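Please open the model in the viewer and keep the selection panel at hand.

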Amino acid sequence: MTPRVSPPSSKPPHESSSPALQQPSSPLPEGHSELLAGHVKVDVAWVNENINISAKYPSEVGSKSLNLRSQTRFCFCLSSKERCRARCQTANLLGVLLGRRIRMATDNKLRFVTSMLEFPSGAGNISALNAIILGEALASEENDLVFPSDDFARQAHVSSPQQYFEMYKSLHALRISTFAKGNISIQWFKGGLTNICYNCLDRNIESGNADKIAIYWEGNDPGLQDSLTYSQLLDKVCQLSNYLKDVGVKKGDAVVIYLPMLMELPIAMLACARIGAVHSVVFAGYSSESLAQRIIDCKPKVVITCNAVKRGAKVIHLKDIVDAALAESAKNGISVDVCLTYENQIALKREGTKWKEGKDVWWQDFVPKYPTTCEVEWVDAEDPLFLLYTSGSTGKPKGVLHTTGGYMVYSATTFKYAFDYKPSDVYWCTADCGWITGHSYVTYGPMLNGASVVVFEGTPTYPDAGRCWDIVDKFKVTIFYTAPTLVRSLMRESNEHVTRYSRKSLRVLGSVGEPINPSAWRWFFNVVGDSRCPISDTWWQTETGGFMITPLPGAWPQKPGSATFPFFGVQPVIVDEKGVEIEGVCSGYLCIKNSWPGAFRTLYGDHERYETTYFKPFAGYYFTGDGCSRDKDGYHWLTGRVDDVINVSGHRIGTAEVESALVSHPKCAEAAVVGVEHEVKGQGIYAFVTLVEGEPYSEELRKSLVLTVRNQIGAFAAPDKIHWAPGLPKTRSGKIMRRILRKIASKQLDELGDTSTLAEPHVVEQLIELADR
Ligand code: 6R9
């Protein structure tokens, strides 16, 4: 399925995006005291358009702006009930809540269930008898409904669907922009001054958490560990900030970070943020070509890396990869002044590292000599915070740009609610900071909330499949957030790897990156979480900055495999091929109506591509690229990408990127890449390749093609299968029929459909014959 590109709209361009700031005319509704300023200690604000920010908070920069720096609190401002125009989609889906009874209104049918507080305790399956009070069951799959226990719900920030609904209804994200056709320009609190590093560190220290552990670090080898308190972390961040300033990095300059999961990675991100520099973290599994491409695009002043890293039993020489990337960038006219290199002694001593005097600098020789205090650079809420490249449907990666204020508020708020975060939690997210999950939910979201975060350098199956639970027990991890691919790979091993550890500290589990299949969900819930920990299956994207559709673990009865309902302020809609919203039970393209604070603001250097990719396919909406269905209870079920992007182990890889790597091989004439179902990785990469005339296909050539992709993109993008294709199925106009290739790849040969319109119909049979070569 490819979304239709809609014809030009006749709608006028959207109105000015500056927030309307007026005095609220009615008091905030009761029952939200927890959300009101003064009770939630993060010093940023997410406001309703009816609330006068400047009246509530003194401003240093003019009456229309908010000086976030001077605040000590986080404020959710809620509109009054009267003002709530109930424009949320979920109102229909969730129905009206009556006391402790929920009246579900779906498809004009009223169905009643008691609120979850009246259900028996325990998070096990609820029997049909209990679920049905009047009319039909809440869900046809009522046996699959999994409720949070009474104890969990009672202590949760949001403890019932009723409370969720009230909060959703009353909280309107500031209508900073509709996505009407025309220039898309999203702004949130422009003119407000803040700094995310200040909010992550200084503010937590000022509020008495100086000695709280910020990072527990676990190395690749068991037994290797370290930690930093908030004040120690601030010291290290300041030293690096001072160093960066000293070598000429200024506000707005880009810094590329190519580091594994050492503590130096979040330190480097925070140090950039402190001085207003824009970080671009490149996952340290990317090849030198991919790194060079990113360096050439954002032209950093400095590249920060380390000499080598151990992954499992292997040593990877990262500095060599950086050297090759810098040489390639120089050829393209982009030269980088400084390559700051952390000596990761465990993997490689400095003597074994190739060195270029002048450009190369050992972190340990310089950074610790700088002062441990560094003035914060106050930046505009709309100043860029970071760039993160992600795959799209062309060969060129997209530089997703996030700005400071909205992203900060959004990552902090979503973290708190979706994981039901409490100050006593120890939180571990297994993602690497090279991906968005590591930005929003290893570094910024947790630290804005003053959390203790586990940072793990190694791989979860080294030395054996019990490593995660060993770490959970060691640090008494309470919130564990990971990807379905890891869950599936651990599920294949004996449960004994899990059960030999206590895991009793765990209270919330999380999943991200791709749809989690119900059987993996159940294993995660029953075996890892001992049927006691709710799972937050968080749907979101690099572009969204934070969770968009996610369970709130104390509020929602869960359905294994469903990401449930939208986060506060998010308006998901499902549209058909023509871009028309579909109500009720349906399947279609997932879009978002109106902006939210964490939305990306542009694609770096290519605003036109931003508008074309995301806002043109369905006029008036942000198009996510995902398919989604909604069931009769309003639960959302993500069904995967509908564009040319493959999701391998939760990593987005454009088919075009892999194709262009393959055709760069001197013996490859043409390539067509499709995704196929993969038991562990979710999707695997299946490549059809046509060789240059006269070249024979051989095992050696197969290996060299795979190696080409590994070298050009990275090991994680290596094709699982190379299918020799003397010819490819094409339409008469020369378009490759991927639909047919997908069927051949997944061996659904009886579903090939009509192949008679192909330019050369016989190639299909030929391909089927060659499938096992
Ligand atoms: C955070 C992240 C985004 C794509 C997204 C979708 C898939 C992520 C998901 C999920 C189903 C979930 N995705 N979380 N699909 N359920 N809980 O992964 O960002 O790397 O940009 O990927 O991942 O297809 O469109 P990113």
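Select helix H15 (residues 484–491), where seven of the eight residues are buried, so that the helix is mostly covered. Buried here means under 20% relative accessible area, exposed over 50%, and partly exposed in between, with a 1.4 Å probe and protein chains only. The buried residues of H15 are Pro 484, Thr 485, Leu 486, Val 487, Arg 488, Ser 489 and Leu 490. Helices (H or I, at least four residues) and strands (E, at least two) are DSSP runs, numbered from the N terminus.

This is a predicted model, in which local features need pLDDT of at least 70 and side-chain atom pairs count only at pLDDT 80 or more, while totals for chains, interfaces and linings use all residues. Residues are numbered from 1 along each chain as its sequence is written, and side-chain values use heavy atoms, with hydrogens and water left out.

Next, display the surroundings of H15. Its buried residues pack against helix H14 (467–475), strand S21 (479–482), strand S22 (508–511), helix H17 and strand S33 (682–691). Contact means heavy atoms within 4.5 Å.

Axes are lines fitted to C-alpha atoms, for helices over the stretch in contact, and angles run from 0 to 180 degrees between N-to-C directions. H15 and H17 are therefore roughly perpendicular to each other, the term for angles of 65 to 115 degrees; under 35 counts as roughly parallel, over 145 as roughly antiparallel and the rest as oblique. On the H15 side, select Val 487, Arg 488, Leu 490 and Met 491; on the H17 side, Ser 519, Ala 520, Trp 523 and Phe 524. By class, this contact has six nonpolar residues, one polar and one charged. Ala, Val, Leu, Ile, Met, Phe, Trp, Tyr, Cys and Pro count as nonpolar, Asp, Glu, Lys and Arg as charged, and the others, Gly among them, as polar.

The next stops are salt bridges. How many salt bridges does a search of the whole structure find? The search finds 36, each being a side-chain nitrogen of Lys or Arg within 4 Å of a carboxyl oxygen of Asp or Glu.

Select Arg 601 and Glu 382, whose side chains meet in a salt bridge (2.9 Å, N to O). The pair links distant parts of the chain, 219 residues apart: Arg 601 is in the loop between strand S26 (586–593) and strand S27 (602–603), and Glu 382 in the loop between strand S16 (379–380) and strand S17 (384–390). Arg 601 counts as buried at 6% relative accessibility, as does Glu 382 at 12%.

Move to Lys 310 and Asp 221, which form a salt bridge through their side chains (3.2 Å, N to O). Lys 310 belongs to strand S12 (residues 309–311), whereas Asp 221 is in the loop between strand S7 (213–218) and strand S8 (225–229), 89 residues apart. Asp 221 counts as buried, with 19% relative accessibility.

Finally, colour the model by pLDDT, the predictor's confidence in each residue, from 0 to 100. The chain averages a pLDDT of 80, and 79% of the residues score at least 70. Over residues 1–143, pLDDT stays under 50.
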